[in-house]
Amino acid sequence: MLMTPTVTATPSSMPWPAGSMPPQPSSPRGSRVPPDELRLPNTRRPSRDPRRPSRFYESEECPMIETLAPSTARATPFERRSIGSRYFGLLCVLDAGVLFGAAFLSQWLRFGDEKHVFALGGGLVNYTVFSIVLSAVWILLILAITIGSSRRHAHEPLQPFADVMTATLFLVAGYAVFATATQTEVSRGYLFIAVPAGTLGLLITRYIALRRPQKAVPTMLIGTEDELRGIHERLDRGNEPVRVREEIVLHADRVSAQGETILADDTVLSEGDLRKRVMAANVDAVVIATRSVHEGDTFLETINWSLYGSPVEVIVMPQLGRVPLSRLSVVPYGDSVTGVIRATRYQGAPFLIKRLVDILLSGLALVVLSPVLLVVSIMVRVTSSGPVIFRQERVGRHGKTFTILKFRTMISNAEEMLEELAASNESDGPLFKMRDDPRVTSIGGFLRKWSLDELPQLINVLRGDMSLVGPRPALPTEVEQYDVAAKRRLLAVPGITGPWQISGRSDLTWQQGLSIDLFYIDNWSLALDCRIIALTFVVVLARKGAY
């Protein structure tokens with residue numbers, strides 16, 4: 001957000017001969033002055049003040065102009081709060097330990113102490129060598145993805161989990177292409193242990209790292225009284241570690257007829273005054289309300305000039321609602337800067353990739369979880385009378401109906417008792433919710449708490465009726481009560497898990513669940529799906545909101 005000012009001087013106004021470089025001041029012993037630094041003559045280094053960045057230089061002839069030695073790009077105060085920056089070295093060590101441990105553990109569980117090999121390109125490769133290469137490639141993928149997203153998604157707390165899932169998907173896809181091209185046959189049992197164990201270990205390390213307390217960023221807020229109130233509300237809703245040290249309250253009109261910034265007490269806020277207040281407050285960031293910036297105003301320009309060369313980060317808080325960075329682009333429009341919001345499209349290459357991932361992961365999950373499916377089927381059959389699989393009509397994308405599959409968790413005549421229990425409905429919308437539903441069987445409560453009753457829906461995913469991630473599939477009777485806004489839920493393919501699953505599940509009200517689903521539909525992306533899948537495991541283990 002910081003603008004680089006340009007100082008233009010005519011030959012007659014320059015205090016040095018035309019066509020020559022300005023004289024360079026001698027630097028104090030031990031100080032490091034970049035050779036390419038361009039400063040005005042007779043500059044001096046100010047006395048060291050702990051509240052003032054030591055990289056500022058002042059000019060005696062031009063006290064209103066300050067120049068700065070060029071500095072290399074570095075993470076801003078908020079970017080340093082991202083998990084990739086705060087614990088980068090620690091995560092590298094933990095990732096190496098987790099992945100090498102998972103690889104060698106799977107090798108020992110699959111083959112024991114015996115040495116096994118597999119054919120590769122006419123030769124034989126030991127599984128120990130393969131474990132080392134697999135772990136190393138996995139680590140490199142995670143490092144590359146984490147470094148690439150550390151600045152673009154520094155403010156998103158779920159990004160570390162998405163990085164893990166993205167790296168794992170690239171690893172699995174890369175191995176599939178490599179194995180097909182070279183006709184390599186690695187033990188499936190080895191891979192079925194190594195990949196899930198490594199992924200789970202990586203997610204756990206990031207979950208532990210995120211739970212560690214973060215150092216708050218000292219911040220100054222600038223805006224009118226109403227705007228500051230709105231900023232406080234947004235900061236309270238978010239997860240940003242912010243400590244507000246000072247507020248500058250602007251006048252409702254903000255700018256005078258002369259183009260000067262006016263405070264709430266009708267005084268003028270000059271560049272020098274703003275700079276002094278920022279430095280005196282010793283803050284790392286200045287947050288400005290977007291509505292304080294209007295076309296023709298010099299307010300934002302005043303901020304930029306006042307803090308030019310400062311390590312203070314300038315943040316303009318947009319009034320865009322909950323639009324993610326993946327859909328927002330900043331582009332020039334004439335002589336101004338404009339934000340472009342791209343529409344979400346459930347078609348094209350991203351949607352095709354989503355479908356391919358659904359087929360791959362659901363098929364793999366059905367094979368890996370087949371013992372669990374068998375055990376649960378036996379438990380449902382033994383503990384209550386009726387079919388093992390519960391079939392019900394649901395509404396999918398574009399209003400198309402399909403038959404959803406679930407393990408039966410209620411008594412066989414549960415649908416007939418629904419009218420009798422309508423008065424006990426705890427939901428404020430078209431949904432029916434009852435915390436202590438008498439229709440739920442003894443084993444059904446256990447299956448619901450651990451979300452095991454949803455496992456047969458993997459078959460629905462393979463068929464294309466559902467996706468791994470999406471809004472909750474609704475009943476036809478619920479859809480009949482939808483208003484215009486709620487019908488937007490039908491634009492997406494329903495999912496086994498979704499934003500409602502990681503945001504409270506049955507503890508959410510109808511409006512809360514609808515708002516979360518619509519946000520997902522309006523802002524869907526593959527990265528968002530990865531984050532939801534990663535957090536689903538955490539929510540299921542915590543057993544929150546499931547009844």
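**Aromatic pairs in the predicted model.** This predicted model holds 6 aromatic pairs. One of them joins Phe130 and Tyr190, whose rings are tilted, with 5.9 Å from centre to centre and 55 degrees between the planes. Phe130 belongs to helix α3 (residues 127-149) and Tyr190 to helix α5 (residues 188-211), so this pair ties together parts that are 60 residues apart in sequence. Both Phe130 and Tyr190 are buried.

Phe192, Leu364, Val367 and Val368 make a nonpolar surface patch of about 300 Å². The most is given by helix α9 (residues 348-368), with 3 residues. Val368 lies in helix α9. With a relative accessible area of 37%, Val368 is partly exposed, because a residue counts as buried under 20% and as exposed over 50%.

**Helix α15 and its start.** Helix α15 covers residues 526-542, which is 17 residues. From the first C-alpha to the last, α15 reaches 25 Å, close to the 24 Å expected at 1.5 Å a residue. At its start, a side-chain oxygen of Ser525 comes to within 3.1 Å of the backbone nitrogen of Leu528.

**Buried residues of helix α15.** Leu528 is itself buried in α15. The run from Asp529 through Cys530, Arg531, Ile532, Ile533, Ala534 and Leu535 to Thr536 is buried as well. Further along α15, Val539 and Val540 are also buried.

Definitions and conventions: Residues numbered from 1 in each chain as written. Predicted model: local features only at pLDDT ≥ 70, side-chain atom pairs only at ≥ 80, totals over all residues. Heavy atoms only, no water. Helix = DSSP H or I, 4+ residues; strand = E, 2+ residues; numbered from the N terminus. Expected span 1.5 Å × (residues − 1). Buried < 20%, exposed > 50% of the residue type's maximum accessible area, 1.4 Å probe, protein only. Polar contact = N/O pair within 3.5 Å; in protein donor to acceptor, adjacent residues only side chain to side chain. Phe/Tyr/Trp six-rings, centres within 6.5 Å; stacked < 30°, edge-to-face > 60°. Patch = residues over 30% accessible without salt bridge, like charges linked within 9 Å, V, L, I, M, F, W, Y side chains within 5 Å. Areas by Shrake-Rupley, 256 points an atom, 1.4 Å probe, with all protein chains shown as cover. Salt bridge = Lys/Arg side-chain N within 4 Å of Asp/Glu carboxyl O.
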